[in-house]
Amino acid sequence: MKQKRYLIPAVQEGLLLILLSGWLLWYSLDAYNHSYIKDWAQSPSLFPVLVACLLALFGVIILRQGLAVEYAASAGHGAQPLQALILLGMALAYYLALSVVKMPYLAATLFGLTFSVSTFEVVTVVYLLVMMFYLGVRNKAVLALVPVSASLVLSVIFRTMLRVLLP
Amino acid sequence: MAEIISLLTPRFIFLVFLGSVAGLFVGAIPGLSVSMATALLVSITYTWETTDALATIMGVYVVGVFSGAVSAILINIPGAPSSVVTTLDGYPMAKRGESYKALYYATIYSFIGSVFGLVALAVLTGPIASIAIKFRPMDYFLLALFGLATVGSVTSKNYTKGLVAAALGLIISMIGLDPLAGTPRLVFGVKELRAGVNTVPALVGLFGFAEVLSVVYSGHMAQTVEHMDKTRVSLKAVLSHWKLSLYTSTIGMLVGALPGAGGPVAAFISYNEAKRLVKNPDTPFGEGAVEGIVASESANNACIGGALIPMLTLAVPGDAVTAIILSVFYVHGLKPGPMFIRESAASFHAILVAGFLACFALLILGLWVAPKICKIIAVPKNILLPVVTVLCVVGSFACNNRLFDVGLMFGFGLLGFLMRLRGYPQAPLVLALVLGKTMDSNFRRAMSLAAVADNPMANLFGHPITMILTICTLFVVLGNIPLFKRLGKKKA
């Protein structure tokens with residue numbers, strides 16, 4: 001059976017590392033030229049230059065390792081890259097919602113505990129619901145209870161008891 | 001002695017126990033980790049008293065390392081990296097209907113290992129600090145370099161990948177204002193980056209969110225739990241392996257003291273030693289030999305005390321968790337190093353007392369609570385993972401109250417996920433992130449001193465400690481180069 005040839009991952013990584021080291025070297029030397037500290041022993045650019053040189057060396061080694069391999073291994077059995085990408089997208093949407101959504105802060109005291117509802121609680125409930133549904137939870141009771149209770153428990157523990165500010 | 005007794009307040013004991021309970025669940029539930037919990041605690045305990053913060057964190061650390069064995073035995077998934085070896089014999093025992101016996105052995109020998117490591121911490125910290133006081137800037141630089149060289153070799157099959165991870169960590173550590181000149185580096189005009197990259201969002205992202213992405217990517221969401229039997233176990237029979245335990249605890253403590261190495265390395269080495277020493281076990285190794293559990297659990301818990309030794313005396317963390325604990329120290333204004341025992345004796349005693357209290361909490365929780373939590377550790381991942389993500393957001397926001405840190409956390413999570421995908425270890429990156437600024441400033445101090453000396457090379461390398469560290473670093477680096485490995489094998 002013919003093996004499909006890929007650009008070996010190690011070759012990709014090696015090239016990326018060489019590019020990164022080249023950029024870091026250029027950045028450090030440019031910073032040195034614009035700096036008032038011209039003594040290399042005291043220059044803030046010394047350490048970045050050294051790390052850039054080492055990174056270039058490692059990049060070349062990894063590139064060589066990649067070129068020595070005849071074919072690339074395929075992704076693991078059962079791997080779900082699209083699902084991971086969607087999850088990342090949902091997490092970023094959660095982050096944006098926390099930044100953009102502004103809600104008034106509402107608080108109520110019950111049995112000596114203060115329950116507060118603000119941006120964090122509302123956005124978190126929506127996020128947990130969506131993410132759990134996406135990951136395959138279909139039990140309506142779980143979908144209803146877990147996001148609300150998790151959000152409230154976190155709010156009480158962190159905001160009320162530990163006095164840690166929430167987003 | 002009076003100081004130690006004064007620490008034993010109900011509040012202190014309660015906080016150690018609270019941390020221990022948290023550590024039990026965090027360590028036992030796959031998907032959560034002691035590193036993640038400790039990283040979250042850095043921001044949660046920010047406004048606490050230092051001793052209170054240390055009490056809680058030591059509880060989480062000591063019991064968290066042990067409780068990885070619970071899921072390792074019951075569901076064949078190690079709750080903590082250091083419990084990987086415990087799955088080799090623990091899970092076969094569970095399948096044979098001896099899960100309680102396996103857990104009993106794991107608890108007793110984790111207790112013995114933890115106590116051994118903490119006794120070593122109490123005894124050895126003073127002498128090592130008196131040597132560390134003679135360290136010069138070049139020695140600190142070489143020690144950190146040795147740590148990075150070592151961790152790169154023990155955490156990855158491909159040594160170069162380990163070093164690449166370390167180099168990436170060094171680059172990230174350079175972001176922000178230069179520690180000596182105060183000029184901005186790699187800031188790109190983003191004012192939030194001027195203070196540098198906070199280690200908490202980086203660690204929470206690398207260990208927390210990256211794990212979420214990895215689990216979803218792998219598609220392995222289901223898990224089954226072995227039934228917990230109620231076999232009676234004789235304590236006398238359990239304690240008959242005390243000699244093996246002391247030997248492997250010594251290995252664990254020494255490996256833990258090595259900057260960059262940690263529980264998984266100690267557990268593997270001890271397991272191999274147990275196989276070498278115990279010629280005729282009742283059950284073969286890998287099929288449910290209790291000696292396998294004795295060796296791995298004694299070693300990975302003895303690592304705790306060992307890892308704290310270089311962290312307290314040299315400010316060089318022994319493993320990822322102590323790297324995070326180092327952040328706690330800086331947040332609370334403590335300065336680990338040769339003078340730590342003298343200047344911050346109260347904090348040193350708090351660590352010791354909290355550690356020993358956590359050992360007793362480990363015993364209680366391991367024998368009575370752990371057997372009952374088998375249903376809880378089987379929380380479906382499609383419920384657990386979203387909650388873990390929210391915890392990561394809370395933890396990364398709490399350290400500086402900035403949403404920018406939450407964004408950083410997601411970025412590091414993506415980086416950590418890609419690193420795992422491509423076989424790059426994360427431990428060297430974490431270590432380099434913590435040590436980077438220290439390495440940079442000490443290296444330039446050493447260069448500046450050498451520049452004005454009569455003989456620069458003698459000034460740099462002419463001292464005994466410097467020579468020893470240089471030789472050790474070269475030994476580790478050259479020992480991992482394939483050419484020298486082949487030469488070594490030919491001679492053998």
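Me: How many disulfides are there over all chains?

Reply: Keep in mind that this is a predicted model. A disulfide is a covalent bond between the sulfur atoms of two cysteines. Here the count over all chains is zero. Take B:Cys303: the nearest cysteine sulfur belongs to B:Cys359 and is 14 Å away. The cut-off is 2.5 Å, so B:Cys303 is in no disulfide.

Me: Is B:Cys303 buried or exposed?

Reply: Buried means under 20% relative accessible area. B:Cys303 has 2% relative accessibility, so it counts as buried. B:Cys392 is buried as well, at 1%.

Me: What caps the N-terminal end of H5(A)?

Reply: A:Asn139 does. One of its side-chain oxygens sits 2.9 Å from the backbone nitrogen of A:Ala141. Just after the helix, A:Arg163 has a positive phi of about 55 degrees.

Me: Which residues of H5(A) are buried?

Reply: An α-helix has 3.6 residues a turn, so residues three or four places apart point the same way. The buried residues of H5(A) include A:Leu143, A:Pro147, A:Ala150 and A:Leu154.

Me: Which residue of chain B touches A:Leu154?

Reply: B:Val390 does, and its contacts also include A:Tyr94 and A:Phe120. B:Val390 is in helix H17 of chain B. Its relative accessible area is 0%, so B:Val390 is buried.

Technical notes:
Residues are numbered from 1 along each chain as its sequence is written. Chains are lettered from A and ligands numbered from 1 in the order in which they are written. This is a predicted model: local features need pLDDT of at least 70, side-chain atom pairs count only at pLDDT 80 or more; totals for chains, interfaces and linings use all residues. Side-chain values use heavy atoms; hydrogens and water are left out. Helices (H or I, at least four residues) and strands (E, at least two) are DSSP runs, numbered from the N terminus. Buried means under 20% relative accessible area, exposed over 50%, partly exposed in between (1.4 Å probe, protein chains only). Contact means heavy atoms within 4.5 Å. A polar contact is a pair of N or O atoms within 3.5 Å; within protein, one must be able to donate a hydrogen and the other to accept it, and residues adjacent in sequence count only if both atoms are side-chain atoms.
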